[in-house]
Amino acid sequence: MAFAPPQRLVRALGETAPDGDGWLEKLPETVRQAVALRELSVDRVQVPGGRSSLVVLVRRADGTPAVLKLAPPRFRPEAERAALARWDGLGAVQALDGPETAGALLLERLHPDVSVRSLPEAKALLEAAGTLRRLWVEPPAGQVFETVAERTGRQAVAMRSTAAGSEAAVAALVDAALAAREELVGTAPEVRLLHGTFRQSKVLAAERSPWLAVGPDPVVGECAFDLARLVRDRVEDLIGSPSGAATTRRRVRKLAESLELDGERVRAWTLFRAVESGVRALRVGRPRDAELLLEFAAWL
């Protein structure tokens, strides 16, 4: 098939591998081979799509709609495959049977243009939280996933490096976030398989269930870590609201209570993850995103 990768994906891959790794150049042939191997027909490429993978809407030989997802190795597609196998369709999109090839997943097709973000905010948070709860299961025996401590440890190194050349307010937020992380990783109350990058846009409408999660970057650790990205959903609206800070603190409390988690741990992980995202945005040249995220973090 002839196509141009979505520009959102091209820009994002340029941030994570600025020197290139050849994946994009090989992508048209990779897609052609994956489609031929599974005897698929292509409907269209999902646009604008994600920041870490190409999503192609396809049909199987019998006409059943499906999704072909392809991702570079650095985004850990094999970990996603293992997590989806563990969930086996409970709360998450189902991986379909067929030939396994590195970096390619064949998934059931949901409604790609309908996420819980289409709902009013309070309802969206409620539905998203209910979906997330179903994903928090015991990690599969013998399957090695990255831990929260390992992932945030790598991020902490990059945060320190960026903060070294930043203004005082940014450096202070980084110090607070790193101190929170040190306390959190040594006192985790449970170990579960987590989605890893959960937010409203990762919960899509489906046929066999009202809502199902997609796009995990799975990690093993405490549940509060998984709520942190959801807390800051619609951050632009929060920043633009005169009651944004109070709304954020109320959201932390309500989400923690609804999922029976420690609100202070949810707040602390939200702080760490917001600061990490903010300084990463600074590092790759997205100053507007950095400003929003760091202002949000300052409320915590």
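Which residue's charged end sits over the ring of Phe225? Keep that in mind while you go through these points; the answer comes in point 4.

1. A quick reminder before anything else: you're looking at a predicted model. There are 3 aromatic pairs in it. In one of them, the ring centres of Trp269 and Phe272 lie 5.9 Å apart with their planes at 90°, so this pair counts as edge-to-face, since the cut-off for that label is over 60 degrees.

2. Now find those two residues along the chain. Trp269 and Phe272 both belong to helix H10, which covers residues 263-283, and about one helical turn separates them because they are 3 residues apart. Are they buried or exposed? Trp269 is buried, and Phe272 is buried too.

3. Next, bring in Phe225. Together with Trp269 and Phe272, Phe225 makes up one aromatic cluster.

4. Back to the opening question: the residue is Arg273. Its charged end sits over the ring of Phe225, 4.1 Å from the ring centre.

5. Finally, have a look at how H10 packs with another helix. Two packed helices are described by the angle between their axes and the distance between the axes. For H5 (residues 148-163) and H10, the angle is about 50° and the axes are 10 Å apart. That angle makes H5 oblique to H10, and the crossing of the two is left-handed.

6. Who meets whom here? On the H5 side, the residues in contact include Val148, Gln155 and Met159, and on the H10 side they include Val275, Glu276 and Val279. Trp269 and Phe272, our edge-to-face pair, are also among the H10 residues that meet H5.

Key: Residues are numbered from 1 along each chain as its sequence is written. This is a predicted model: local features need pLDDT of at least 70, side-chain atom pairs count only at pLDDT 80 or more; totals for chains, interfaces and linings use all residues. Side-chain values use heavy atoms; hydrogens and water are left out. Rings of Phe, Tyr and Trp (its six-membered ring) pair if their centres lie within 6.5 Å; planes under 30 degrees apart count as stacked, over 60 as edge-to-face and the rest as tilted. Helices (H or I, at least four residues) and strands (E, at least two) are DSSP runs, numbered from the N terminus. Buried means under 20% relative accessible area, exposed over 50%, partly exposed in between (1.4 Å probe, protein chains only). A charge sits over a ring if NZ of Lys or CZ of Arg is within 6 Å of the ring centre and within 35 degrees of the ring normal. Axes are lines fitted to C-alpha atoms, for helices over the stretch in contact, and angles run from 0 to 180 degrees between N-to-C directions. Angles under 35 degrees count as roughly parallel, over 145 as roughly antiparallel, 65 to 115 as roughly perpendicular and the rest as oblique. A crossing is left-handed if the near helix is turned anticlockwise from the far one by less than a right angle, and right-handed if clockwise. Contact means heavy atoms within 4.5 Å.
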